[in-house]
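Here is a short report on one protein chain. Keep the sequence and the 3D view open as you read.

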Amino acid sequence: MIITDPARPINDAKTAISSLKLSDDNGTRYYAAWWLGKHRIYESIHLLCECLKDERDVTALEGYPLRRQAARSLGMLKDSRALPALIEALDCLDLKVQEVVIQALKDIGNSAAIPALIDFLNADTEDKPLEALIEALAKFKVWQVQDKIRPFLQHSSERVKCSAAQYFYTLTLEPHYLKILFRTLHHENRFYVMRQHLIFRHLVKLNLPH
């Protein structure tokens, strides 16, 4: 995502916080939220958590750009004080918000998020950001849900299938799951290929038996 400068220059924490609180321009508020995360301004955590409930920046398709950026920034800050607000934000109906919230919980890395992630996996809803969810469960080593994850090895989405393969390789170290990841290196989407290549190298480096 390309971040462009807002109309009001933001070069310091005070201006960024003030812009996020007081600006009437959604673009400026979005940029301010990004700036605060990028520059690790920990005093903005409470304000960014408040932005997870923002109702002003809503797209025609009922998406919430500022909520998404606030979650990303909280993930950059990696501070466990944001956990309650992030977990509550999983109730947002915007799938993209759910996805970045899960990624933020994974980046923060506090195991207190595990029960909420399991509840989210078990929730009776059709649409979920499965790729991010499975990767977070693998990061936290939540192996007790493996029976829930196994069917995703046959999912129609290659991204979901590979997330499930990553989960089971981390659990079992069985090379079969690496082969599933390896097959995607020939995918026609080069950005997807690059991402899978990085995952593949990471798993091999950390887990492959010697």
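Which residues in α10 are buried? Read on for the list.

## The model

This is a predicted model, in which local features need pLDDT of at least 70, side-chain atom pairs count only at pLDDT 80 or more, and totals for chains, interfaces and linings use all residues. Residues are numbered from 1 along each chain as its sequence is written, and side-chain values use heavy atoms, with hydrogens and water left out.

## Helix α10

Helix α10 spans residues 158-172. Its buried residues are V160, K161, C162, S163, A164, A165, Q166, Y167, F168, Y169 and T170. Buried means under 20% relative accessible area; exposed means over 50%, and partly exposed is in between (1.4 Å probe, protein chains only). That is eleven of 15 residues, leaving α10 mostly covered.

From first C-alpha to last, α10 reaches 21 Å. This is close to the 21 Å expected at 1.5 Å a residue. The expected span is 1.5 Å times one less than the number of residues.

## The whole chain

The protein has twelve helices and zero strands. From the N terminus on, the order reads α-α-α-α-α-α-α-α-α-α-α-α. Helices (H or I, at least four residues) and strands (E, at least two) are DSSP runs, numbered from the N terminus.

Of the 210 residues, 50% are buried. Now look at contacts, meaning heavy atoms within 4.5 Å. Among contacts with a separation of 6 or more, 58% join residues 24 or more positions apart.

## α1 against α2

Helix α1 covers residues 13-22, and helix α2 covers residues 26-38. Their axes lie 8 Å apart, at an angle of about 140°. So α1 is oblique to α2. Axes are lines fitted to C-alpha atoms, for helices over the stretch in contact, and angles run from 0 to 180 degrees between N-to-C directions. Angles under 35 degrees count as roughly parallel, over 145 as roughly antiparallel, 65 to 115 as roughly perpendicular, and the rest as oblique.

The crossing of α1 past α2 is left-handed. That term means the near helix is turned anticlockwise from the far one by less than a right angle; clockwise is right-handed. On the α1 side, A13, A16, I17, S19 and L20 take part. They meet T28, R29, A32, A33, W35 and L36 in α2. By class, this contact has eight nonpolar, two polar and one charged residues. Ala, Val, Leu, Ile, Met, Phe, Trp, Tyr, Cys and Pro count as nonpolar, Asp, Glu, Lys and Arg as charged, and the others, Gly among them, as polar.

## α6 against α8

Helix α6 (residues 95-108) and helix α8 (residues 130-139) have axes that come within 9 Å. They cross at roughly 10°, so α6 is roughly parallel to α8. This crossing is left-handed too.

E99, I102, Q103 and K106 in α6 meet A132, L133, E135, A136 and K139 in α8. The classes here are four nonpolar, one polar and four charged.

## Two residues up close

Is L48 buried or exposed? L48 is buried, with a relative accessible area of 0%. It sits in helix α3 (residues 45-51). Beyond residues up to four places away in sequence, L48 touches L20, A33, A70, S73, L74 and L77. L48 and A70 are 22 residues apart in sequence, but 5.3 Å apart in space, C-alpha to C-alpha.

R67 belongs to helix α4 (residues 65-77). R67 is buried, at 8% relative accessible area. Leaving aside neighbours within four places in sequence, R67 contacts C51, L52, K53, D54, E55, C92 and V97.
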